[in-house]
Amino acid sequence: MLDLLKPHDPDLVAFAAAAAARDGVSGVNVVLVEIDRDVQNVKMTLEGDSIPVDAVRETVEDLGGTVHSIDEVICGESMVEESPTPQD
């Protein structure tokens, strides 16, 4: 899951389509989190067997966006759910 900052143009559809076109990416979900006058804060969740993180970051940057952070990563043969911690 990536936290992105992007300009208003291109739209969310263009960002999702460009990320989904990368080899190793089988699906993309893009959600608008916050909007201000100049930029949009977006959460992009990618799914695939071998996601090319550097290539996805390059795609985002080519569209004028910036990857703020990688907020979640799941790897391995099975889905590992997040467990609550005392900090929660």
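**A chat about the model**

A: E81 lies in the segment after β4 (66-70), where strands (E, at least two residues) and helices (H or I, at least four residues) are DSSP runs numbered from the N terminus. This is a predicted model, where local features need pLDDT of at least 70 and side-chain atom pairs count only at pLDDT 80 or more, while totals for chains, interfaces and linings use all residues. Residues are numbered from 1 along each chain as its sequence is written, and side-chain values use heavy atoms, with hydrogens and water left out.

Q: Is E81 buried or exposed?
A: E81 counts as exposed because its relative accessibility is 62%. Exposed means over 50% relative accessible area, buried under 20%, and partly exposed in between (1.4 Å probe, protein chains only).

Q: OK, new topic: which residues of helix α2 are buried?
A: In α2 (residues 53-62), those are A55, V56, T59 and V60. They fall within an arc of 140° seen down the axis, so they line one face of the helix. That arc is taken from the directions from the helix axis to the C-beta atoms.

Q: And what's on the other side of α2?
A: D54 and D62 are there, and they're exposed.

Q: Why would residues a few places apart point the same way?
A: An α-helix has 3.6 residues a turn, so residues three or four places apart do that.

Q: What about A19, where is that?
A: A19 sits in helix α1. A19 is buried, with a relative accessible area of 2%.

Q: Which peptide bond is cis?
A: The one from D9 to P10, with omega near 10°. P10 lies in the loop between β1 (2-7) and α1 (12-20).
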